[in-house]
Amino acid sequence: MPPSLDAVRDWQGRTMVDPAGDNIGAIIDIYLDDDTGQPEWALVNTGLFGTKATFVPLVQALATGDSIRVPYEKTQVKDAPGMQADGQLSRDDEAELYRYYGLDYTDSHSDSGLPAGTTGQGRDPRDGDRDTVHDDARNTAVGRDTSGPTTDDAMTRSEEELRVGTETRERGRVRLRKYVTTEQVTTTVPVQREEVRLEREPITDANTDAATSGPAISEEEHEVVLHEEEPVVEKAAVPKERVRLDKATVTEEQQVGEEVRKEQIDLDKGDVDRRDRP
């Protein structure tokens, strides 16, 4: 069931989202059914910098807060067939869009007409035209436009404006990797050793007993054990520091440029000046 005309009057400019809440794009226009005058399609800006407009059915569209939710995934909408957004969808265009979105389409006349707010919904667009020319200026034309459909008594001058935005893309990936290296470490450690030293002492009253306790003449052998220290090396793993990855956002300015078009309006008096001269 599509929303009512009153319900969609303020939808233009609001954001359309998919069932997951992902942003599809801003609603540019609402298109009405020519026969019923009810909202049928939303024209949504789905391209970066407004470069693409896509038609989305409003059959199950629902306003949720400031957004308009539709039962179609963001990628499905962006891949929809591109139709010329010139104020009207032909039956062939509608049939193709209906097939793409999996909706039933009838062959009866139901072209989607001009965006909501324009006149002439649900009737023959030639009815009531002052100049009997099929155009968009019904009952308001004051003359015949020599270059196209009849308009009112004014021209609209338009120009393109550069709309700049940003999108996030992956710049690269950074990893922390730990590996083992080997280096030679040299250090100095003090070591001690025992050395033999020959000491001689004379016979005195103090050592006479010890000196004469053995045989008067004999062969003997005395042994002394000498000791020394030697360096001993052991290795142990010791935590030194913690290293982690962190991200910081920096802002810089970049210049972008693009050509934009603008309309200019000049006054061409033709032969009016010549007729006014005496």
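Which residue takes a positive phi in the hairpin of β2 and β3? The points below begin with the answer; the model under review is a predicted one.

1. The hairpin. G37 takes the positive phi, near 75°, and five residues lie between the two strands of this hairpin. Strand β2 covers residues 23-33 and runs antiparallel to β3, the two being joined by six bridges. Within this pairing, D29 stands opposite L43 of β3.

2. Strand β3 and its other partner. Strand β3, residues 39-45, is mostly covered, with six of its seven residues buried. Strand β3 also pairs with β4 (residues 53-57), again in the antiparallel sense, over five bridges. Here N45 stands opposite A53 of β4.

3. D33 belongs to strand β2. Although D33 is buried, no salt bridge is formed by this residue, and R91, the nearest side chain of opposite charge, is 11 Å away. The cut-off for a salt bridge is 4 Å between a side-chain nitrogen and a carboxyl oxygen. The side chain of D33 does, however, reach the backbone nitrogen of D35 at 2.7 Å.

4. Side chains of opposite charge can pair when their charged atoms come close. R261 and E160 form a salt bridge, with their closest N and O atoms 3.0 Å apart. Because R261 lies in the loop between α3 and α4 and E160 in the loop between β7 (112-115) and α3, the pair ties together parts that are 101 residues apart in sequence. R261 is exposed at 63% relative accessibility, whereas E160 is partly exposed at 33%.

5. Further salt bridges. The count of salt bridges comes to seven. Among them is that of R157 with E159, at 3.1 Å from N to O; R157 is partly exposed at 40% relative accessibility, and E159 is partly exposed at 38%. E170 and R173 also meet in a salt bridge, at 3.2 Å from N to O. E170 is exposed, with a relative accessible area of 54%, and R173 is exposed at 66%.

6. A nonpolar patch. L162, V164, V256 and V260 make a nonpolar surface patch of about 360 Å². V256 is found in the loop between α3 (208-211) and α4 (272-276). With a relative accessible area of 57%, V256 is exposed.

Conventions: Residues numbered from 1 in each chain as written. Predicted model: local features only at pLDDT ≥ 70, side-chain atom pairs only at ≥ 80, totals over all residues. Heavy atoms only, no water. Buried < 20%, exposed > 50% of the residue type's maximum accessible area, 1.4 Å probe, protein only. Helix = DSSP H or I, 4+ residues; strand = E, 2+ residues; numbered from the N terminus. Pairing = 2+ DSSP bridges. Patch = residues over 30% accessible without salt bridge, like charges linked within 9 Å, V, L, I, M, F, W, Y side chains within 5 Å. Areas by Shrake-Rupley, 256 points an atom, 1.4 Å probe, with all protein chains shown as cover. Lys, Arg positive; Asp, Glu negative; His and termini not counted. Polar contact = N/O pair within 3.5 Å; in protein donor to acceptor, adjacent residues only side chain to side chain.
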